[in-house]
Amino acid sequence: MAMKRIGVFICHCGRNIAGTVDVKRVAEEIGKREDVAFSTTYVFMCSQPGQKLIEDSIKEYNLDGVVVANCSPTLHERTMRNAAARAGLNPYRVEIANIREWAAWPHEDNPEAATRKAIRIINATIEKLKANASLEPLEVPVIRRALVIGGGVAGIQAALDLADAGIETVMVEREPSIGGNMFRLSETFPTLDCPQCILTPKMNDVGGHPNIKLYTYSEIEDVSGFMGNFKVKIKKKATFVDWDKCTGCGECLRVCPVSVKSEYDLGMKDRTSIYIVNEQAVPLKALIDQDSCIRLKFEKKVQEGKIKPKKNVKICSKCADVCEPEAIHFKNNEEIVEEEVGTIVVATGYEVMPAEAFPELGGKYPDVITALQFERLLSPSGPTAGVPRRPSDGKIPKSIAFVHCVGSRDPQNGVPYCSRICCMYTIKQAMLVKHALPDTAVYDFYIDIRSNGKGYEEFYHRAKEEYGVNFIRGKVSKVYKVGDKYRVQGVDTLTGRIVEVDVDMVILATAAKGSEGVKELAKKLRIPYDEWGWLKEVHLKLKPLDTPVGGVFIAGAAQFIKDITDSVAQGSGAAAKSLGLLSKPQLEKEPLLARVDTEICAGCGRCKDQCAYGAITIDPIRHVSVVNEALCEGCGACSANCPTTAIQVVNFKKGQIIRAVDILAEVF
Amino acid sequence: MELKKIMFYPGCTLKGVAKNLEDSTVESARVLGYDFIELPGWTCCGAVYGLAQDSVKFTIANVRNLIRAQEYAEKIRDNRLVAVCSMCYNNLRRAHLDVMKNRDKLQTLDLFMDEEPDYKGEINVQHYLTFLKEEGFDKIAENVKKPLKGLKVAPYYGCLLLRPDEVAIDDREDPHILEELLEILGAEVVDYPLKNECCGSYHTVDKKEFVAERTFKLVSVAKEVGADIITTSCPLCFFNLDKRQEIAKKKHSGFEHMPIVYFTQLMAIAFGINDDKVLHFEQHYVSPREVLSRWL
Amino acid sequence: MMKYTIKEDPHNDERVREIMEISGENIFACYQCGRCSSGCPMAEFMDVLPNQVFMFLQEGDVDTLLSARTPWVCAACFTCTVRCPVGLDLAAVMEALRELQLRKNYDYVDPYRVENREELPPIALVSNFRKFTP
């Protein structure tokens, strides 16, 4: 039933709209329409008096539809629909005409054209509105469980907050232990706490929490379902050890004859083939690396038929021989498990560019390493017990150069953005070097020191005033080896001189990027990401934790590189967001979804192929499309691809859109 | 064996003070089965390329050279034009890329040279190193008669083989093509960190002290990293690194001379060519004879 | 010398604009990291470092640059150009600074007064005269 008593409310938006568009004239013109019962203007429709004006007018003029001409619907559609609902009008009978972004702003220099365009946009919106149906929100049930992907500090915080609030929480971490990059750090700026002291209690809380189910050395295989009702397949990678039996005693590590670079120590230390990440790992369990284990490599070759097993030859089983609980079975125990959850928090963190990516800065030399690698050398629990030594020869460095912005702020050769944490961790590392080795000279080559956090600027001054770190403003261009030393070719842009210094070690503050593999994960979750692997939020300022997929939130460095303080805050934030959903017995869902006219539908399946949410199936008996309302997001891809008009999104029907477009495209 | 005909662009300097580069290039190519034919009707490349947006004068001679090559390419059915001088290579290649990208510029030049045929853009300007690599380095290995075993060589690329990016023959910060070749010749390649740093170039005309300082640094560091000899492909780099050692030695007591050779001379020697008419050591300020005596 | 008064917005300075036109580069993109200077093989002989050239331009002080030695010390080796994080072709900007003077029929080098001309290879003379004479 087409509407006949429409109210049109034109917002001035201060001078944003009224400064260009002649709002009075617009109201008059629109008021001439037969189907418009009332039209008016107001300085801020979104203000409380503005909303009151709409509510009162609905009642006074008995309006059956409302158009508010103001800003983008992403901002105030909800405000206006709520106002209408309070006055007893179905909220889906309210439409927004965006005359600010579409008319006022782009045509600031031509008020006449802007005014005419505003009238046209409103007329088109009225035509669309007239065929709107009254709708009620859908209700969907909620599974009161949460999934946290990533066991770094952000994920740990999110999981603990959720679990403490009584939500059963599943945590998936791809490394054998939780802890993330923070677990690798020496000390943290600006408080100089050691992660081994402040992070491990939280790790143990996760490990022992009755509400947390922990899957480490596991990856997300598949995600299906929708907000409140996700089904997640998790791959538990092969450990070749029965973790129910393993006590983490470490006897096996002592007998394993194989030695490879440790991932946890970023190549600064070796580990055995059967290994435990470190003494404080959670869970404290041993696993075998199948690429280096003598026995597993041999068995693989036999399996592939590359070698024939000889009789009476005993292949290495030293670890199993000393394992008292008999946990080591050498059997491929990879398995897929399924979990059902209502919300998902993605906290996949970051990685840094490798030193090798910068040959001009000496990245190919063993004593030129990334700052994250240097964290291991500064860590009291690291390979050098916190007193840095050169990886090449184990000598204590008498001089160290730090280079900031390696790959950062460099759209031509690296990433365009500032990696945000490097200034502070470099200052911290310089301090720690001076603390461990007071006689070692430290040269810090920076472009700008960015110390914008609580206590950060003061921390920088301490490094300058108390620790005797030398700060030189200018980007280093080249590092090369001469004899036993590394020659750093820099500049001091402040005095305007070329600066050269020979040092024993060079630390590169390389650019941060989203974690490896995050793009594949994002595809599984259907959430957007950028070319550097950062997950994209819905609104940078106001919805930094939300993704376009309802029920999926992001936290910590997965969104963009950030320090521990901010990561923890976001972890808690994402947990609160999840709790907000999980605390409702039912979830409300926008009813603007695809519907099938089974009289017309021929069951061709084109809509099904287009649906990114897997919401469409073909009924095998009636041979027509069927929409799962819980999965449908109302995007309209199905409708656009339907050869007839059998599948359409409610209130976005073909007739409505065509009439609106006709008006917009009308020739003057 | 019949030799394969390849167009060769020598450039001015090779016809005079860099006979050592020209003859060792042509002779080393001959050993590998190529007849390097001097491009008929070539003119000077101009040595440096114009960087101003409105510059056409530095492009015209190069496009004319490319037109000459276009004509000859049809005869020998090979569109490759090989240069060995870094500056010639850089100029010819940049001119080609420039006019391919800016068709207006090409049109202006074609109109200006209205008696010449138009340039069709099909000439593949290659540096000798790239040519060799594409043809297969294993061919070289087969012809090594006197491996340069024990000769410690610093490979020096200079600027114009690596920069700007569009003409680079290898990774601009960490090139390896010359190292690869030298290793095939049996030489011991030192890790020479200044291999892509400028020698001071044309300043050798009016500011030779600056160039002598560059030479001092480039040679000293080569010595520090253990080199006996530096090898290059550019006659200007060669002149600066070789001849400017004279001033460097006057200014820096304790500075020791180091011979400079073209990589093509090393190739010729490794191929067993020990002929003064090819190697022309008389054109060197610092004689390489002693350092190379074991293979001569 | 140590004080400079900005008289108009450098973005409107005619000569700054001319330099941008000849070089085809937006000199205002430079954010003063200094990588051009630290990598410049000729920097030690300059009186104004490459990064400072850009600051002078950004402040509209073209006079200082026209009397500076730097544009004539640049060897057009492109080390700065390929490393510049914001993709500025610094060699072209140096060329523009030279062109501004050469286009007024100025000879920076007089070919007839070159010392020991006979010992120099053609490649040196041609490149030098092309860069330093109109």
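1. In this predicted model, the contact between chain C and chain A, where contact means heavy atoms within 4.5 Å, takes 19 residues from chain C and 20 residues from chain A. The area buried between the two chains is about 1500 Å², of which carbon and sulfur atoms give 49%. Buried area is here the accessible area (1.4 Å probe) that two parts lose on being put together, summed over both. C:Tyr31, C:Arg35 and C:Ser38 supply 38% of the area that chain C buries against chain A, more than any other three residues.

2. Two salt bridges are counted between chain C and chain A, a salt bridge being a side-chain nitrogen of Lys or Arg within 4 Å of a carboxyl oxygen of Asp or Glu. One of them joins C:Arg35 to A:Asp410, with the closest N and O atoms 2.9 Å apart.

3. On the side of chain C that touches chain A, the elements giving two or more residues are α2 (35-39), α3 (50-58) and α6 (79-83) of chain C. The largest share, four residues, comes from α2(C). Helices (H or I, at least four residues) and strands (E, at least two) are DSSP runs, numbered from the N terminus. By class, this side has eight nonpolar, eight polar and three charged residues; Ala, Val, Leu, Ile, Met, Phe, Trp, Tyr, Cys and Pro count as nonpolar, Asp, Glu, Lys and Arg as charged, and the others, Gly among them, as polar.

4. Chain C also meets chain B, with 41 residues of chain C in contact with 43 residues of chain B. These chains bury about 3600 Å² between them, 65% of it on carbon and sulfur atoms. The salt bridges between chain C and chain B number five, among them that of B:Glu173 with C:Arg83 (2.8 Å, N to O). A further count gives 17 residue pairs in polar contact (both at pLDDT 80 or more).

5. Which elements of chain C supply at least two residues each of the side that touches chain B? They are α1 (14-23), α5 (70-73), α6, α7 (90-102) and α8 (122-132) of chain C. The largest share, 11 residues, is that of α8(C). The residues of this side divide into 27 nonpolar, six polar and eight charged.

6. Within chain B, the domain assignment, which is automatic or taken from a database, gives domain 1 (4-129) and domain 2 (145-295). Their C-alpha centres lie 24 Å apart, and the contact takes 28 residues from domain 1 and 31 residues from domain 2. The area buried between these domains of chain B is about 2400 Å², with 73% given by carbon and sulfur atoms.

7. Residues are numbered from 1 along each chain as its sequence is written, and chains are lettered from A and ligands numbered from 1 in the order in which they are written. Local features need pLDDT of at least 70, side-chain atom pairs count only at pLDDT 80 or more, and totals for chains, interfaces and linings use all residues, while side-chain values use heavy atoms, with hydrogens and water left out.

Definitions and conventions:
Polar contact = N/O pair within 3.5 Å; in protein donor to acceptor, adjacent residues only side chain to side chain.
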